[in-house]
Amino acid sequence: MLEARDLRKSFGALTVTNRVSLEVARGERRVLLGPNGAGKTTLFNLLVGELRADGGQILIDGRDVTGLSVDARARLGLARSYQKNNLFGGLTVRENLSLAAACAQGRARTPWADSLSDRGVAEAVDEVAQRVGLTELLEVPVDTVPYGARRRLEVGLALAARPRVLLMDEPTSGIGPGGIHAFHALLRGLPAELTIVIVEHDMDLAFEVADRVTVLNYGEVVFDGPPREARDSALVREIYLGTWDGDA
Amino acid sequence: MFHQTPLKTATVLLLAGLAVAYGLSTGFFGLELLTEVAILAILAIALDLVAGYGGMISLCHGALYGVGAYAFGSATVLLGWGAPAGLAMAVGGGALFAWAIGAVTARTHGIFFIMATLAFGQMAYAYLFESPVFGGNDGLPGVPRLDASALGLDLNDSLTFALTCLALALLAYAVSAALLRSGFGRTLVGIRANEARMRVLGLPVWRHKAAAFGVSGALAGLAGALAAQHTMYISPGLLHWTVSGELLIMVILGGLGTLVGAALGAGVLVFLKHEVSRFTDHWHLVVGLVLIAAVLAGGRGLYGQLEHLWERRRAARRAPPETPAPDEETTGHA
Ligand SMILES: Nc1ncnc2c1ncn2[C@@H]1O[C@H](COP(=O)(O)OP(=O)(O)OP(=O)(O)O)[C@@H](O)[C@H]1O
Ligand SMILES: [Mg+2]
């Protein structure tokens with residue numbers, strides 16, 4: 001479904017993505033691990049096209065998209081959420097979700113019908129709001145909702161895009177145990193055919209939801225396999241020594 | 001996002017009513033002023049569409065206006081076409097030129113966008129200034145007005161012409177308001193709020209920006225065609241960047257991103273200029289001071305300020321003051 005072949009990216013002398021290859025199957029839940037600065041976010045930027053790779057290939061559904069623009073890749077069903085909230089400031093939660101839903105439903109460019117009051121868009125907005133627990137806050141400007149809600153909206157925007165492949169960059173960062181629990185439930189409720197890659201620091205979540213785990217270190221894939229093997233891998237333990245106490 | 005609120009509708013109707021009343025009660029000179037206001041209101045609405053809602057602060061709207069005027073002037077004077085064809089040329093020419101500028105500049109932002117639009121505008125100005133075909137610096141005299149006798153209108157009559165321009169300003173407002181309430185307009189606001197995210201959601205952003213610029217250019221072209229008919233004479237001065245600058249002042253003075261404020265700003269600035277210049281040659285200074293005051297007072301502009309006060313009063317009436325609800329969760333690190 002989503003494949004990277006030999007991806008490379010350097011910033012000056014710093015190689016941030018070093019011959020990364022990975023293949024994520026349709027419907028798979030892949031967790032991407034790695035210490036700070038390992039190149040996880042950069043890999044996402046390369047996959048969605050916000051950064052141009054220095055070398056290598058990216059394929060969606062077997063189709064080479066390396067030369068495609070960010071928006072063209074998105075139209076093939078690729079969506080992402082950000083580690084740092086990246087919302088539509090000054091607009092309400094509903095307006096935020098509507099913008100995403102309208103794009104997904106081809107309502108974003110109609111010069112006649114209003115996308116905000118469009119039935120299909122409104123239904124999608126309500127559904128996503130329900131999923132991420134924002135129903136109560138739909139009419140509130142995003143700048144005034146609590147941080148946790150903004151974090152959920154960040155994921156909500158990606159979901160409202162109706163993706164086939166969803167990349168989530170540390171969706172649970174800074175939301176506390178309650179939020180993490182709710183996020184578990186959200187993940188379990190997503191359609192089985194949706195392909196998901198999650199960057200996650202929370203090991204328990206990672207090992208619970210992952211079909212497969214990929215570990216990045218210094219821009220290189222140092223491990224790729226089932227979660228159980230990752231747990232037992234001496235290398236992975238070493239990389240996470242200090243941040244993870246093994247079989248917690 | 002744009003909403004045609006009751007306050008907006010009331011302001012539009014009030015302004016239109018005032019303008020008509022003024023037109024019916026004033027003499028020739030007043031009608032000249034009124035016509036100028038109506039034409040500049042169309043142009044200011046065109047600018048607010050892209051600047052206020054799309055975040056594209058353009059300094060080439062004077063040039064788009066001038067291109068409209070020259071398209072109308074050259075179609076009628078040089079080619080001898082009828083005024084309706086000239087009008088179509090002006091609207092189409094303005095749209096096409098603007099679309100091209102929009103397409104080329106869509107990937108630039110902030111000061112670079114402003115400079116790029118300025119450059120395009122000044123190129124058009126310089127071209128017409130030096131082009132012998134279009135009369136160079138002298139421009140083209142003898143531009144005719146549209147023959148609307150089929151509708152029972154004599155546009156050579158000052159009052160009729162002024163009211164026609166006013167009606168077209170209302171039409172420009174209605175078209176812009178409708179566009180801003182469409183999916184296209186919502187997305188335009190999304191681009192202003194967060195262009196990169198819009199792209200990640202699958203929107204071909206540059207095409208959207210170029211299209212918005214094109215629509216704005218069509219309106220500017222219409223305003224240009226009216227200006228050419230108003231003075232029956234065109235010159236490169238119409239395209240000069242100072243026209244664009246003054247236009248931006250009107251929009252900011254009236255309220256950037258409010259649409260009706262743009263029209264209000266056009267009216268206030270034209271009349272202010274006229275009144276002040278009766279007493280002193282330094283009207284620029286006065287206008288400058290007014291603008292500085294407007295910006296320092298919160299930058300909402302006249303209509304924006306009115307809306308702000310209105311909303312606050314309504315909010316106060318709806319919910320009597322109480323202790324604010326505490327944040328339901330401790331916010332994490334960003
Ligand atoms: N635009 C850039 N220019 C220069 N260096 C960059 C740029 N973006 C990222 N880097 C560097 O690349 C390295 C990898 O960054 P990246 O954000 O991909 O890491 P990460 O794995 O997401 O880390 P974290 O867990 O902290 O989010 C870091 O050393 C970072 O400083
Ligand atoms: Mg990161």
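**Exercise 1. Which polar backbone atom is 2.9 Å from an oxygen atom of ligand 1, and what else surrounds the ligand?**

Keep in mind as you work that this is a predicted model.

*Step 1.* Start with the backbone. The polar backbone atom belongs to A:Gly37, and it sits 2.9 Å from a ligand 1 oxygen.

*Step 2.* Now look at side chains. A:Asn36 places a polar side-chain atom 3.0 Å from an oxygen atom of ligand 1. The side chain of A:Gln83 has an N or O atom 2.8 Å from an oxygen atom of the ligand. With a cut-off of 3.5 Å between N or O atoms, these pairs can be taken as polar contacts.

*Step 3.* On its own, ligand 1 has 640 Å² of accessible area, and the protein covers 60% of that.

*Step 4.* Widen the view to the whole shell. There are 14 residues around ligand 1, and the ones that come nearest are A:Gly37, A:Lys40, A:Thr41, A:Thr42 and A:Gln83.

*Step 5.* In chain A, strand E2 (14-24) and helix H1 (40-48) each give at least two residues. The largest share, three residues, is from H1(A).

**Exercise 2. Describe the contact between chain A and chain B, then zoom in on the chain B side.**

*Step 1.* Count who takes part: 38 residues from chain A and 30 residues from chain B.

*Step 2.* The size of an interface is often given as the accessible area lost when the parts come together. Here the two chains bury about 2,900 Å² between them, with 60% of it on carbon and sulfur atoms. On the chain B side, B:Arg197, B:Val200 and B:Leu201 lose the most area to chain A, together making up 25% of what that side buries.

*Step 3.* Go through the polar pairs. Between the chains, 13 residue pairs are in polar contact. The interface also has two salt bridges; one of them joins the side chains of B:Arg186 and A:Asp114, at 2.9 Å from N to O.

*Step 4.* Find the elements. In chain B, helix H7 (183-200) and helix H8 (205-231) give two or more residues to the side touching chain A. H7(B) gives the most, with twelve residues. That side of chain B splits into eleven nonpolar, eleven polar and eight charged residues.

Terms used:
Residues are numbered from 1 along each chain as its sequence is written. Chains are lettered from A and ligands numbered from 1 in the order in which they are written. This is a predicted model: local features need pLDDT of at least 70, side-chain atom pairs count only at pLDDT 80 or more; totals for chains, interfaces and linings use all residues. Side-chain values use heavy atoms; hydrogens and water are left out. A residue is near a molecule or strand if one of its heavy atoms lies within 4 Å of it. A polar contact is a pair of N or O atoms within 3.5 Å; within protein, one must be able to donate a hydrogen and the other to accept it, and residues adjacent in sequence count only if both atoms are side-chain atoms. Accessible areas come from the Shrake-Rupley method with a 1.4 Å probe; for residues, only the protein chains shown count as cover. Helices (H or I, at least four residues) and strands (E, at least two) are DSSP runs, numbered from the N terminus. Contact means heavy atoms within 4.5 Å. Buried area is the accessible area (1.4 Å probe) that two parts lose on being put together, summed over both. A salt bridge is a side-chain nitrogen of Lys or Arg within 4 Å of a carboxyl oxygen of Asp or Glu. Ala, Val, Leu, Ile, Met, Phe, Trp, Tyr, Cys and Pro count as nonpolar, Asp, Glu, Lys and Arg as charged, and the others, Gly among them, as polar.
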